[in-house]
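Subject: Structure handover and notes

Hello,

Please find below the structure I promised to pass on to you, and keep it open while you read the notes that follow.

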Amino acid sequence: MQYRPGKESDFDHLETFVWQAIFPGFDVPGLSDDQRAENDELVAQAKTRAIAALNSPDHLVLTAWDNRRRNLVGYLILALNSGDHAEVVHLIVKRGAWGSGVGKELLEQGVQRLRPGSGLRLAVRPYNQRAIAFFTKHGFIDTGEAAGDAGIDRIHMVKAAEVVSKPEPAKVVVEEEDDFPTAADEPYYEELPDYRLAADDWSEPVFDPEQSTLDEEQFNQLEDFITRAKARKAGQAAPITRHPEIELEIDYGESTDAKPTSTPEPTGFTFAFDYTDPGPASPPKDRGGAQEQAEETLELDEIPEEITVAKLRGELEDGLGDKLTAYFGADALPDYLEIYRNDDNFHRIRDVSLASLSTYLNGHDRDAQAARRRRDVLADLTEYFMVESGAELHEGLFPQKLLRFQGLDWKKVDLFRLVMAYLDFDRETESVYTDFVTMPPRVLKNATSAYLRADRDERVLFICDQSIFGNGKQGFAMTDSGVYWKNVLQPPGAATYTTVRRLGIHGDHLMIDGQYFDAGRRLNLRVALLLDKLRRMDLSD
């Protein structure tokens, strides 16, 4: 989790974020019409107020940002020009992150950025018991006074500035370090000189033997060390220039003058002198030959097979044929293959992409990253052919604008825009809701009861109502993690993007991992293409 000053791009779709965050705590029985209207206004003006606070020098905006999912988890807005107490304007945390410490950390980060001696105050709705308990736990007290400028009383809570006792003189430095960093104590960095030694540039001896105080043995050891260091830096084995004196005993036959000699210490070397057979000893034929053959075979096995452009083209064409058959049927396949054979523009794009992929794969380890790149390049080429080259046959069913999302970085993509570009709802007549504040409450309630069983931390992107009477009981919805749907006379279905394995058009409907899905012929195909894209979603480092 990253805590940082907010920026405008953090607050896309903030109305939906706020609605999902406050709904459980604010939807209580017995609220007056004015109180409900005030809650609706809070949601409707959420983004406007956040942007205004960002542009105001008298406000502080902090956000909690999930780098892995690339979405907002919570945010804090403080008004700084409120006398001795800064005002907590908003502290809103995603429902799925409740109890995880995000709200506490945002509040503490905000306090650290206040001027010394500044307290905090806030006004909280009397029915928001969760917020009252939270602020009470973190040092706020109820003043007993009513607050609120909207004509509806709220509970006024304050937290006094923390009093720091005067430190002992000997501990002044320690206390200052504990307070670091502050706004006035930014770290200072200065580039250090480069102290690395360039051994390859030495043109003179390191030591002059005539002037050195080292004896001959020490000097030889130092010279050997430098030689090995240079060799290691050059990436080659260090030559052995000297070794300790080794006492050898050579047996020339019997001799009465032979005198016993002391046995030398083991050195790790073994010498054999045989003057009767000067030729090298031959190894055992069977075992030696078998060993040599096994070593040669092992060496050949370790050489990876070259991945040629022709091999990759074969994989592309096999996958393209399967995809076209799954989407448009076997009867339409010959027409698409005829286009494939004659589309020179696609051939140029294909050949350049596959040549680059071949070079990459043959120059890198065959690891998971290489496998993902191989999969993604072939999938993007298949998608390009279906969208661009095959547009004449399917009458522009797939919008060309979706090609802008090829070769994307999943950690930076705007998932909402991607989904809406693929589905192209502007060309359809279905009722699609992306603003859950203005949509009919009955539709939302029926959709969540019938099929939209999303987890608490999932962000709902849209709800497409396909019920006959517009009551929201049939249709489909997508979140940042999966798709949910309900068709007439069929059980509700659900699929997580990254676990989808099988997609195919069967008659007039789509099968998603064996589950029946039918949003109409055109949307079925777009949903299939979108899920093909989303199941390749990769958020790993």
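In the strand pairing of β8 with β9, S431 stands opposite D465 in β9, and the two strands, which are antiparallel, are joined over three bridges. Strands are said to pair when DSSP finds at least two bridges between them, while the elements themselves are DSSP runs numbered from the N terminus, with helices (H or I) of at least four residues and strands (E) of at least two. Before going further, please note that this is a predicted model, in which local features need pLDDT of at least 70 and side-chain atom pairs count only at pLDDT 80 or more, whereas totals for chains, interfaces and linings use all residues. Residues are numbered from 1 along each chain as its sequence is written, and side-chain values use heavy atoms, with hydrogens and water left out.

The loop between β9 (460–465) and β10 (475–479) holds S467, which counts as buried because its relative accessibility is 11% (buried means under 20% relative accessible area, exposed over 50% and partly exposed in between, with a 1.4 Å probe and protein chains only). If residues up to four places away in sequence are not counted, S467 touches G472, K473 and Q474, where contact means heavy atoms within 4.5 Å. A polar atom of the S467 side chain also lies 3.1 Å from the backbone nitrogen of G472.

The aromatic residues come next. Rings of Phe, Tyr and Trp (its six-membered ring) pair if their centres lie within 6.5 Å, and planes under 30 degrees apart count as stacked, over 60 as edge-to-face and the rest as tilted. By this rule there are 15 aromatic pairs. In one of them, the rings of F11 and Y75 have centres 5.4 Å apart and planes at 75°, so the pair is edge-to-face. This pair links distant parts of the chain, since F11 is in the loop between β1 (2–5) and α1 (14–26) and Y75 is in strand β3 (residues 71–79), 64 residues apart. F11 is buried, with a relative accessible area of 0%, and Y75 is buried at 1%. F346 and F385 form another edge-to-face pair, with 5.4 Å from centre to centre and 65° between the planes. F346 lies in helix α11 (residues 344–362) and F385 in helix α12 (residues 368–389), so this pair ties together parts that are 39 residues apart in sequence. One aromatic cluster is formed by F425, F462, F476, W485 and F517.

Finally, what is there to say about R70? R70 lies in the loop between β2 (59–66) and β3 and is partly exposed, with a relative accessible area of 34%. Its C-alpha atom is separated by 8.6 Å from that of D414, although R70 and D414 are 344 residues apart along the chain.

Best wishes

Technical notes:
A polar contact is a pair of N or O atoms within 3.5 Å; within protein, one must be able to donate a hydrogen and the other to accept it, and residues adjacent in sequence count only if both atoms are side-chain atoms.
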